[in-house]
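Please keep the sequence and the 3D view open while reading.

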Amino acid sequence: MDVRRRSTNKPTTPMKMGVVVDDEKEPRASDALPLPLYLTNAVFFTLFFSVVYFLLTRWREKIRNSTPLHVVDLSEIVALVALVASFIYLLGFFGIDFVQSIFRPSADVWAADYDKNHAEELILDEDARKVPCGVDCAPPPPQVVETLASEEDEEIIKAVVAGTTPSYSLETKLGDCKRAAVIRREAVQRVTGKSLAGLPLEGFDYQSILGQCCEMPVGYVQIPVGIAGPLLLDGREYSVPMATTEGCLVASTNRGCKAIHLSGGATAVLLKDGMTRAPVVRFATAQRAAELKFFLEDPKNFDTLSMVFNRSSRFARLQTIKCAIAGKNLYIRFCCSTGDAMGMNMISKGVQNILDFLQKDFSDMDVIGLSGNFCSDKKPAAVNWIEGRGKSVVCEALISGDVVRKVLKTNVAALVELNMLKNLAGSALAGAPGGFNAHASNIVTAIYIATGQDPAQNVESSHCITMMEAVNDGKDLHVSVTMPSIEVGTVGGGTQLASQPACLNLLGVKGANREEPGSNARLLATIVAGSVLAGELSLMSALAAGQLVRSHMKYNRSSKDVSKVSS
Ligand code: ADP
């Protein structure tokens, strides 16, 4: 496709040496001086004319008194020195500029020449790209650019703008996902009159998201990925990728990892592994709804039901069926293992199989929705907190008192007290289901984005109760996080795009585990819990240390170096 670039109506922003220069407020070298130039100019002008006046007066007096001109006193010597100095200054400032202006070409030519002469040096110094770049090197692209399409594409853009070609149909119509994104992007810019210049378009495989991850793409958002760790968990070290724009989050988690590592590591236990889906069905009477409930919960029927359910996938295995009734309406919570997939698609197919099967014996059953919110997906719900959803994990560590003091900069008693009053009592007062922690969702979400999980599931995945207890006669700290609803997968969804598998690979859990299906996803869940443990330790310590500092200052009991308090 013929894609040319042109600048928009806005004046382009010329870039020199990697600095964007604004035309209207062009910075000058003099901006860097400690004194403004007009001040020094005024001083030297005044000095120059004052000494000239002084010397002329003195010379007139000498001529009148017939004193020889070469006989000078101290004040005249000082005046002469000042005259020479101010003359040199004024000549340097105005004279050179005047002479140069006679021969100097226009500013643009100068800039082009400068760039030409310094191109190679700039690239080596500024870009560190070891590629020689001579006079043909193209100038850096202007910041605000838009694509100008070929005639054929221009026609399609106009059709999308006019609404005669639906934007969503571009991929199918063109058979080229990248070209569809380019055209759609241009159409969006024209329709809205807003530039998408800062949103990257290049460097993304648009084919890979077709029909799976995102519809009607026009680019992608960049999120930096930092690494916390090593997290020593169950005897193995993990470098934990975290995608976040929250400053200090990775650093803080890293500090928690260090404390865990120095204390011998953390241990995680997977308590449960089952994804849930709960359709809502309706009958004419509550009695009929109850009959279906008894049928589904009768152990005698489980084998038949699971056989029907498991047809959906070789990885889906029905575990339990639990029902809740609201009048004539029945909510059926199916729970199944899903291998290495997070499993929402898989379980939905299994549930559909069962509903189709039930229609034979319960033909009066009206299926209202495949999901009736008793599942419960992406919403805060006590059912997940109590029953669990996805992977349920408990993770613990014994942090030595020394490490609490030296790495976490606080003490065991302060941590235990803060945990009780904040994470337990405070959250109880707030009525927060599953929110008995300091910031589990920070760590969960950052890892989810980095590893291609569904970030919306951070709602229930961040359910966590953090416990802290003084042990070994109060010397050391036992800390644990219990997380009943970690919903993760290593296949499907965003885990198969270009960058997310790299993060999964770093953790050694990329893709499906062929020897033991499901073990990659389970390991990932324990790593999430271990990282949350690190994050909880670090933030709680920062809070406890801050509290200590405040009380020390209040009661003036200590002159400790408070500058070392970190968060
Ligand atoms: P989800 O159910 O999490 O939305 P998908 O259904 O999109 O995930 O992806 C799971 C797909 O991956 C299924 O088609 C499944 O057959 C396949 N698959 C391959 N290996 C595994 C595995 N080890 N565990 C689970 N699914 C696997």
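## Loop residues and backbone angles

Cys248 sits in the loop that links β6 (236-243) to α7 (249-262). Helices here are DSSP runs of H or I with at least four residues, strands are E runs of at least two, and both are numbered from the N terminus. The phi angle of Cys248 is near 80°, a positive value in a residue other than glycine.

This is a predicted model: local features need pLDDT of at least 70, side-chain atom pairs count only at pLDDT 80 or more, and totals for chains, interfaces and linings use all residues. Residues are numbered from 1 along each chain as its sequence is written, and side-chain values use heavy atoms, with hydrogens and water left out.

Asn373 belongs to the loop between β11 and α11. Its phi is near 70°, again positive in a residue other than glycine. Asn373 is partly exposed, with a relative accessible area of 45%. Buried means under 20% relative accessible area, exposed means over 50%, and partly exposed lies in between (1.4 Å probe, protein chains only).

## Cis peptide bonds

The loop between β11 (366-369) and α11 (382-387) also holds Ser376. The bond from Cys375 to Ser376 is cis, with omega near 0°. Another cis bond runs from Gly229 to Pro230, with omega near 5°. Pro230 is part of strand β5 (residues 225-233).

## Around the ligand

How many residues surround the ligand? There are 14, and the closest are Asp340, Met342, Gly343, Asn345 and Met346. A residue counts if one of its heavy atoms lies within 4 Å. The shell divides into 8 nonpolar, 5 polar and 1 charged.

A backbone N or O atom of Asp340 is 2.7 Å from a ligand nitrogen. For Met342, a backbone N or O atom lies 3.3 Å from a ligand oxygen. A polar backbone atom of Met346 is 3.2 Å from an oxygen atom of the ligand. Taken alone, the ligand exposes 560 Å², and the protein buries 74% of that. Accessible areas come from the Shrake-Rupley method with a 1.4 Å probe; for residues, only the protein chains shown count as cover.

## The whole chain

The protein chain has 17 helices and 15 strands. Of its 567 residues, 41% are buried. The accessible surface comes to about 30,700 Å², and 58% of it belongs to carbon and sulfur atoms.

Conventions
A polar contact is a pair of N or O atoms within 3.5 Å; within protein, one must be able to donate a hydrogen and the other to accept it, and residues adjacent in sequence count only if both atoms are side-chain atoms. Ala, Val, Leu, Ile, Met, Phe, Trp, Tyr, Cys and Pro count as nonpolar, Asp, Glu, Lys and Arg as charged, and the others, Gly among them, as polar.
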